[in-house]
Structure formats: C-alpha cells, structure tokens
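Good morning, colleagues. Please turn to the sequence and the structure, which I shall now put on the screen.

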Amino acid sequence: MTPMTPDGPDSAPLEDVSASDDTGGRLRNLRFLVDRLFGGDPAELVRDIDAHLARQPEDVYAFELRSSLRQEADLLVGHLSEGDLACTLHGRLMVRPSVAAQLRHVGDALPAMRLEHAPPFSPPPPGRQLERVLTGHRAPVVSLDWSPDGRRLATLGSYDTSVRVWDAHTWEQVHVITVPGASLDTVRWSPDGGRIAVVGRSDRFPDAEKKYEPGDEYDFPDITVEQHVHTVIVFDTATWAETAATGTLPKRSMKAPAIAWAPDGRSLAIAGAGGPWLWRFGADEEFVHLSSDQGGPSEIASALAWHPLAGLVALAAGRSLTLWAHPGSSNEQRTWTDDRLSAAHDGLRWRPDGRMLALGGGVALKVVDPHDQAVLWEHDGQERGSKTLFQAATWSADGARLGALTWIDRNPVHMVWEVPRTAAEFRAGMAPLKGSETDLRVDPEHDIGWQAETGLIATGDESCVRIWSSGPGAEAFPRPTTMRTVVWSPDGAALAARAYRNDGWRLVDAENGALLPGEWKVCPFPRLTDEAAAALQRHIDDRAVDDYEHIHIERHGMNKKVTFSPDQKWAVIEGRGEPATVVDVVSGEERRLGMSGIPGASVCFTPDSRRVVRAATKYVRDPADRLARDLIFHVWDLKADTEPVVVRWRAKGIGHIHGLAATHAHLAIVTANGRIGLAELADLSRVRWLKVNGAVVDAAFDPAGKRLAAVGDSGLYVMDVRTGA
C-alpha cells in the first residue's frame, strides 16, 4: 500500500492556523485527521480542538469529534498503517450523526480493500459516563492508584517498563517512571503522596535456586527449584528520583508479593514466608521480620493493610487474618481463623476509622471486625440470580460508603453501598444500602480504582486507562451482549448468534439488525449432518462436545479439535503440538498437513472445500534477543499435489488469533485484542485491520462473500467487504 501523503494546506497542524483560517474545515477532512493522528497522541488533537471551541463554541461537529477522540482514543493508536487507522476512525465517526453528515474527503482517505461497518450493526458511541481514555502504555495496565489527595493517578504497564502519572484535572501526563528491563506488577502511593512504590521483576535482583535437603518442609532431596525474587523500588514524587530499592525474599510463586505503606511513609510491609517483613529504607536501612502464627511458606499473605491506629493486618490463603497492633515496635499479634474468610483474596481495606475491614475478592464481599473477630456483613449478589464475583473494595474518605467491582454474568459493574457507622449497628440488624451502580468495561486481570470524592473510576485495559464518572446522573454505558459463535443462514438473510451466558441461539435480521422471535437450543443452521457425524465416528475413539462447527473429540487418548469442510467430506483434526491431519470422512484416508509443534492454531476451509487455511503463532527471538511472536499462515490445496503456500510475518500489535473465515478470494482474521483483519487469499502478507473494542472470537462470511459477521466481547458486528472493484 502506498502511504497517504499530505496534500497542500490540509496537512498543516491546527496550532499553525490562526483564528481567521478555516480550522473547522480542516477538522471535517478525514484525510487531515488521519494524518494528524497516525503515530501521534489523540490528546494533542483534542487540545487543538479545545482551542477551536474556545473561539467557536457553537461548532457542534467539533464538540462531537472531541468526544469521540476522548472516549475512544485507544482505538486510534497502535495502527500498522494509515489505511488501518482511516478505516477505524471512519467507522467510529459515522455512528455520530452530526459528524457523519459533515465529514469530507472520505474517499481520499480510505483504502480500496477494507471492512466497513454496516450501519444497523455499528457499535453506538460510548455514553457520557465514559469521560475519556488515556493512551501511552504499550502493555496491559495491571495496577493503578489514586494519590491520597485525588489530584493524580499513577498507572502501571505490566511489561512496558513504565509507570505513568496523570494530572486528574487536565489529564495531562505529568511524568513517566521507567524501570529498564523490568516486568512490573504493582504501584502504590505513600499515605502523604510524597513517594511511590513499584513492585516488579528484573535482573537487578535475579531469581535464586534452592536445592531441597532431607528434612525440608517439602522433602524432595537433590531437587533444585527456581525461587522467584521481586524488586521493590521507592521513588520521590517531588524529584521523581529513585530513593531506595530492595529484592524480596525468594519464593516459589511468581505472583508479586503484597505490600502496604506504613502510615508515616518511611517503611513498607512486604509479604513473605511465615509473616510480613518491614523494610525501613533510608540511611539506616533495616529489615524486621514479623513472625506469624499463620504457618510456613505456603501461608504467604495475599493482602496487607496498615492503619495508623489499628495496626497492620495480613490476610493469608489459609483462611486467617493476623493483626499486629504495633508492628515494628512489638511482635504482639492476634490471629483469627475462619472458614468464611477463605473466599477473600484481594481488596483488603481498612475503614478510615480503623474499626472494621472490607474484604473484596472471590464470590462474596465482606465487612469484618478484626478486633472482635466477627463477620459483620456478607454480600454474595445472589439477588441478581447469577454467580457474582467481587474485587477492588474501596472506602470513601469518611467511611460512609463502600465501593467494589462486581462481575455479573461476565459483565463488570461498580457498586456502592451506604454502610452503617458502627459494629453495633451491624449487629442490631442494620445492613448496607445499595446506592449507585456503574456499568464498566474492564478485564479481571486489570486494575480498577474508585475516587469516591470526585466520583471518578479508573480502569486498566490492554494498553490504555479508562476514566468513568459514577453516581446519580451518569449516562449509562451501552452494554453489549458478549457472544461466542456466529452463523449465517443459507440465504444470507439472517444470522444465528450464541451468547456466553447460555447455550441458546438467537436469530438476527441481517438487513436491519432486528432480533427475530424465538430461541433455539441448537443452531438453526447446522452444517454437520447426522450422516457426517456417523462417518466421522468410525475414525475416532469417542465423540465429546459438539460445539457447532468445531467438535472436540478423544482420539488416541488425547483431546483434539475437528473442523469440517462446508461439504462435510473433509475434516481437519488437530491437537496441541501435533501436525494437523486431514481426514476423508467417507474413506477414512488421512493426510498430514505439517506445522508440528506450533500450538494455538485456527483453521478454516474455503467455500468450495478445496483449500484449507491454518494460522498459528510461534514465539521467536528478534535480533535484539527479545521475545517476539510470528504469525504463520499455511494454505493447502487438497486437490492438488503441491506444497502449501506459506506466509510468515511478525505479529506486532496483533493479539492471539481466535478465528478465521474464508471466501474464494478473501480471508478474515479475528484476534484476542480486538482486531478484525481482511486479506486477499492470494497474498496474505497484506492485511487490512479494523480495530474494535474487546476480544473478537468468531467470524463468518455470508454465502455471497460480500459481508462479514464477527462476535466477541462487544457483541455482534456486521461489515461490508469493500474491494475497490
């Protein structure tokens, strides 16, 4: 593809344009927008639009464009080409009527071959509840923390070696902490906001090895086991200089140890074997072990919390809480063991007055009194009629409200409760009253932080941070139904889709997007007939789970996946780390397709059942000895005695491939990080990518090959296939 080039005055940055120039006209030029955004930061263009709106506040188009850039900035970064960015940006702007009606130079910006959202199925704009998206991270944001005064937000990218600090008023990035060569896990502000602690793994404090001797806790003589060491670094937030660093004690688990700041901000509690360690850093560095009654190495605390009056508490996996009233000066402790604590593994938070604790994590949210060793309140969410999970419990500054992230049918919702003031009120039968609920979009592996005083919620994502408003008056976020399988009807007039929450199928009109009446236990458009299933049965040990087109079977004692050709005469059988095998379902003749030792593959047939396409990921080392991923595509012609066509390219920015779909001329690729690709089957080295929200797990072309349906975390997409022909 030939990159787009600026043409004349439309390529000038807005900041170079005076108030008398046609700034509004430039904003309405899709080609100009793509040129400004490609390889840049959407926040820079937002600042220019702010200046334009200060001069022309009546420009509704500019206002809506700014909202789109703020709310969906994550979709506009990380593109491999300007053409990919143009496709994604155009799709997101077309769902805003005031923008779509005035957008110009669309044909000049869009590439000839592309996927284009069909209007009835275009994802709607986010509600006003989503304030904005912060971009800059190049890895999943797995930890974040509001500063004690709520004016700054620290966010941590797991393997991009950075902690980014944002101004919570302007949302400007004010500083970046870089820890070269590290894989990061946790970031926490000190109570006075003067320091930041970062936990991760690096070569600075390398892993150790332990050789077990007779008489050790685990008596495996002469066996050497790797012991993992994490790095804890403290930074001064006035100068951003590193002030202290230490390695943690070696342990078998790779999970980062829990930490908690001392109230004076001069030491840290770090979870360790047999009890926490206090690290007093500075000129008189000291380590103090708080021995525990909780047991040995298997009882390393999963969470710590330190209150200036109540003391330090450790939650252990062995269903126990240990409280040190005066950690450091006295090892006096009280341990409370209770089976009701077993479900909690995260979100250990002192109420600001130090009288009770919130335990978030697992299947229930709890409020407990560690002083009297009593569970005061337990909420399992069963009134919603489904399994509920909780994490990230947080108190408001006055202790009157408790917030927690809950998962209901895979949908994340932040809930807030008004909480009784005293343990006596709990015991008298008073229960927390549910307040606001805020629908979010967040993955369980990413972090969340609630700032109760401003009502803002920060959530981590694959490479960005989302800022949400909560409470009364917040506009609801459109909640799509998470789907896992999609199938076209033989005439292309309808789609059958299956949701994650149940095994039922629903029908959707392929023209207007309307939900058709009825629900089916099995797909109403099956491809696998009873005859084909019976024929396959002769070649396998046992048939297991029928998952529409893909069948998981037991063959030669191993679990394998089967993909059928459209005419049901061929089946591809594959297992992890083994070559794929094509089976003639009628004769039983088998043919190996190679690609041995490459797991995680996806397979599809062309509509005439003649060609098989298989895509797999292989991890390799790049020239700088860094771990990288290659995508490898094989295309076999089953009726020709020729070697397969092989295409291999570096999977930069492309997630794990979840599914493939093919026509006679094109291949569609859907990935775990929300990319939908379209390539010419004759040249798989050129892929046009469209970026969407959430993982995409399945795709299918309509019988004519002119439309593509895809499903995933954000529901159902239907796109027109544009070829320029």
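Predicted model: local features only at pLDDT ≥ 70, side-chain atom pairs only at ≥ 80, totals over all residues.

T322 lies in strand β19, which covers residues 320–324.

Is T322 buried or exposed? Its relative accessibility is 0%, and the limit for a buried residue is under 20%, so T322 counts as buried. The side chain of T322 also has a polar partner: it makes a polar contact with the side chain of T335, at 3.0 Å. As a further point of reference, L304 is 18 residues away from T322 along the chain, and the C-alpha atoms of these two residues are separated by 9.8 Å.

Let me move to strand β14, residues 267–270. Which residues of β14 point one way, and which the other? S267 and A269 point to one side, L268 and I270 to the other, and all of them are buried.

Strand β14 has a partner in β13, residues 259–261, and the two pair in the antiparallel sense over 3 bridges. Within this pairing, L268 of β14 has W261 opposite it. The two strands form a hairpin with 5 residues between them, and in the turn G265 has a positive phi of about 70 degrees. Strand β14 also pairs with β15, residues 277–280, again in the antiparallel sense, here over 4 bridges. In that pairing, S267 has R280 of β15 as its bridge partner.

Strands β23 and β24 form it, with 4 residues between them, and Q373 in the turn has a positive phi of about 55 degrees. Strand β23 spans residues 365–369 and pairs with β24 in the antiparallel sense over 5 bridges. Opposite L365 stands H379 of β24. How many of the 6 residues of β24 are buried? The count is 5, which leaves this strand, residues 374–379, mostly covered.

I shall close with a pair of helices. In general, two packed helices are described by the angle between their axes and the distance between those axes. Helix α2, residues 30–37, packs against helix α5, residues 82–93, at an angle of about 120 degrees, and the axes are 10 Å apart. Because of that angle, α2 is oblique to α5. The crossing of α2 past α5 is right-handed. Which residues meet here? From α2 come L30, L33, V34, D35 and L37, and from α5 come E82, L85, A86, L89, H90 and L93.

How values were computed
Residues numbered from 1 in each chain as written. Heavy atoms only, no water. Buried < 20%, exposed > 50% of the residue type's maximum accessible area, 1.4 Å probe, protein only. Pairing = 2+ DSSP bridges. Polar contact = N/O pair within 3.5 Å; in protein donor to acceptor, adjacent residues only side chain to side chain. Axes fitted to C-alpha atoms, helices over the stretch in contact; angles between N-to-C directions. Parallel < 35°, antiparallel > 145°, perpendicular 65-115°, else oblique. Left-handed = near helix turned anticlockwise from the far one by under 90°. Contact = heavy atoms within 4.5 Å.
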